[in-house]
Amino acid sequence: MLTWQRTVMSQPTQPDSLTPLQTHQPRLVHVRTGTVVPIPLHRNVLLVGKPNDHLPPDIDVAGFPDSDIVSRIHARLILQDNQVAIEDMGSTNGTYVNGQRLRVGQRYPLKAGDWIALGKEDKVTFLLQQD
């Protein structure tokens, strides 16, 4: 399961300098374009999909090639207890992790190196990475 942590480095020596904060932030890397999509850690649930009139996605994939196969609200990422999981939200073309199609509503724990495909045939695929 993917986990992250925040580590505060040593205290600053100058009174007006900021304390450095090192964050091991998970991110999605679009396989075809190499585009990095950070996964914000300040929210517990992030919707993944394309813009719509009712509930805009937190992670918008509309600009990626072949995004027409992605549903408006395709999947959601759940961040809890320093772990990330994914859940299909009833998408038309399915959500796949490492080639396995998720059942609708099935929460699947993720780990660094997992391949996440939004729709069949790996047209909109991301690699999960972490520092």
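A: A cavity is a set of grid points where a 1.4 Å probe fits but cannot get out. The model read here with that idea is a predicted one.

Q: How many cavities of 30 Å³ or more does the structure hold?

A: The structure holds one cavity of that size. About 50 Å³ of space lies in the largest cavity.

Q: Which residues line the largest cavity?

A: The lining consists of Leu 28, Val 48, Val 61, Leu 77, Ile 86, Ile 116, Leu 118 and Phe 126. Eight lining residues are nonpolar, with no polar and no charged ones.

Q: What does the secondary structure of the chain come to?

A: The chain has zero helices and 13 strands.

Q: How do strands of a sheet pair?

A: Strands in a sheet are paired through backbone hydrogen bonds, and the pairing is either parallel or antiparallel. In this structure, five strands form an open sheet in the order 6-5-7-8-11, with mixed pairing. Strand 6 (59–60) and strand 11 (107–109) stand at the edges with a single partner strand each, so one side of each has no neighbour in the sheet.

Q: How many bridges join strand 5 to strand 7?

A: Five bridges join strand 5 (residues 45–49) to strand 7 (residues 73–80), and the two run antiparallel. As one example, Leu 46 has Leu 77 in strand 7 as its bridge partner. Leu 77 is also one of the residues lining the largest cavity.

Q: What share of the residues of the chain counts as buried?

A: Of the 131 residues, 39% count as buried. The accessible surface of the chain comes to about 7,600 Å², and 48% of that surface belongs to carbon and sulfur atoms.

Conventions
Residues numbered from 1 in each chain as written. Predicted model: local features only at pLDDT ≥ 70, side-chain atom pairs only at ≥ 80, totals over all residues. Heavy atoms only, no water. 1 Å grid on protein atoms, 1.4 Å probe; cavity = no way out; pocket = protein on both sides within 12 Å on 5 of 7 lines; lining within 4 Å. Points joined across faces, edges and corners; volume = space filled by probe spheres on them. Nonpolar A, V, L, I, M, F, W, Y, C, P; charged D, E, K, R; others polar. Pairing = 2+ DSSP bridges. Helix = DSSP H or I, 4+ residues; strand = E, 2+ residues; numbered from the N terminus. Buried < 20%, exposed > 50% of the residue type's maximum accessible area, 1.4 Å probe, protein only. Areas by Shrake-Rupley, 256 points an atom, 1.4 Å probe, with all protein chains shown as cover.
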